[in-house]
Amino acid sequence: MAGDPRRWQIGLVGYGEVGRILAEDLRQQDIEVSAYDIKLGGEQGAPLKEHAAKFGVALAATHAELAAKSDFIISAVTASQAVPVAKACAVAINQGTWFLDFNSASPGAKQRAAGLIDGAAGRYVEGAVMTSVPPYRIKVPLLLGGPGARELEPLLNAIGFAAKVASDKLGVSSAVKMCRSVMIKGLEAMVIESFTTARAYGVEDAVLPSLAETFPGIDWEELGAYCFQRVIEHGRRRAEEVREVAETVREAGLTPWSAQGTAERQAWMADLADEGLFGLRGSGEFARNADWRTEADRILAKINRTK
C-alpha cells in the first residue's frame, strides 16, 4: 500500500450525499477515487453515474471489486448497513488496507464490523461525524477510535480531513456521537411535533416567544425551518441512525423511550416525504422552505383529510 495518502486509491462505499461530497473534495486534490453504491444498479443510479463521470470517479460493480483495488476504504452508508458492508468488503480487502467506518452505528455494531475487517487482515478505524457534513464538507469534525486511530489521524488530515483521536478503544467515539444524537435528532422530532401541534391549535405566536424567553440563545423560527427541512430530506437516514442510538442506550442498560419516539417521528416524516406531501424529491424547492408553517400546514391538511 502506498505510504503517501495523496497516492492512495480511495474507495467509497456509499455514494449518497456524504460520499459525493468526499469524492469531490478528494478529486480536487487529484486523488484517485472509486465508488460503489447499491443504487447504481437501479432507477436511482443515473444521477450517481452522472456525478461520477463529471468528477472522474471510477465506479465498481460490487463491494468486493471496490475493496480489492483500494488502499483506503470509507464506508458511508445507512446505519443499518454498517456491519453488512464490512462483511461484504472483508472478503476481498487487502492486507493492511485501512477501513474507515463513517456510519452512525452503535458501539456494539462498530465492534462487530471491526471484527470482520481486522479478521480479514484489514485495519478498521471507527469515525464519528460530529455535525452535518455539507457546511464543512471534508473538514467536518471527525472523532476517530480504535487501535489504529492514532496512526491514521495524520494521514487523514494530510488529505484535508479534520480528524481527531477520541480513544484507542473501539466504541468510545461512536458513544459520543450516539449520545449527542439523543439530543440533536430528538430536538428535531420535538420541534416538528410541538410546532405542528401549535399550528393546529393556532397558538404558535404564543409558543415561540415563550420558548425564546426560556432559551434566549436560540432563534426558534430559524431552528423550526431547519428541523423541518432536514427531516423532510433525510428523515429515513435519521430514523435508522436513531434506531442505532436506541440500541446504544440499551447497551448501557437503559430503556430508550426518547430515542424510540424520535425514530418513529423521523420515519413518519420520511413516509410523508416519500408520498410526495412536501413536493417532488430532488427538485429545487424540496425541503428548502424557509417557513416551517407551510410544511406544518401540509401535514395538518393530510391529517384532516384522513379523519
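The stops below concern a predicted model, and each begins with something to select.

**First stop: helix H1**

Select helix H1, residues 17-27. This helix is mostly covered, with 9 of its 11 residues buried. Among the buried residues are Val 18, Ile 21, Leu 22 and Leu 26, and the list also includes the charged residues Glu 24, Asp 25 and Arg 27. To see what covers them, display strand S1 (9-13), strand S2, helix H2 (45-55), strand S4 (72-75) and helix H6 (133-136), which are included in the cover.

**Second stop: salt bridges that reach H1**

The whole structure holds 20 salt bridges. Select Glu 17 and Arg 237, whose side chains form one of them, at 3.8 Å from N to O. Glu 17 belongs to helix H1 and Arg 237 to helix H10, so this pair ties together parts that are 220 residues apart in sequence. Glu 17 is partly exposed, at 26% relative accessibility, and Arg 237 is also partly exposed, at 34%.

Next, select Arg 137 and Asp 25, which meet in a salt bridge of 3.0 Å, N to O. Arg 137 is in the loop between H6 and S7 while Asp 25 is in helix H1, so parts that are 112 residues apart in sequence are tied together. Arg 137 is partly exposed, with a relative accessible area of 28%, whereas Asp 25 is buried at 10%.

Select Asp 274 and Arg 236, and find the closest N and O atoms of their salt bridge, 2.8 Å apart. Asp 274 lies in helix H11 (residues 257-274) and Arg 236 in helix H10, so that distant parts of the chain, 38 residues apart, are linked.

Remain in helix H10 (residues 220-251) and select Glu 240. Apart from neighbours within four places in sequence, Glu 240 is in contact with Thr 78, Ala 79 and Ser 80.

Cys 227 is buried, at 2% relative accessibility.

Select Val 182, Met 183 and Ile 184, a nonpolar patch on the surface with about 250 Å² of accessible area together. Met 183 is in helix H8 (residues 172-201) and is exposed, at 59%. For contrast, select Leu 144 in strand S7 (residues 141-145), which is buried at 0% relative accessibility. The C-alpha atoms of Leu 144 and Phe 102 are 9.5 Å apart, although 42 residues separate the two along the chain.

**Last stop: two loops**

Select Asp 30, in the loop between helix H1 and strand S2. Asp 30 has a positive phi near 60° without being a glycine, and is exposed at 60%. Finally, select Ala 121, in the loop between helix H5 (107-119) and strand S6 (123-129). Ala 121 has a positive phi of about 75° and is partly exposed, at 35%.

Key
Residues are numbered from 1 along each chain as its sequence is written. This is a predicted model: local features need pLDDT of at least 70, side-chain atom pairs count only at pLDDT 80 or more; totals for chains, interfaces and linings use all residues. Side-chain values use heavy atoms; hydrogens and water are left out. Patches are made of residues with over 30% relative accessible area and no salt bridge: like charges are joined within 9 Å, nonpolar side chains (Val, Leu, Ile, Met, Phe, Trp, Tyr) within 5 Å. Accessible areas come from the Shrake-Rupley method with a 1.4 Å probe; for residues, only the protein chains shown count as cover. A salt bridge is a side-chain nitrogen of Lys or Arg within 4 Å of a carboxyl oxygen of Asp or Glu. Helices (H or I, at least four residues) and strands (E, at least two) are DSSP runs, numbered from the N terminus. Buried means under 20% relative accessible area, exposed over 50%, partly exposed in between (1.4 Å probe, protein chains only). Contact means heavy atoms within 4.5 Å.
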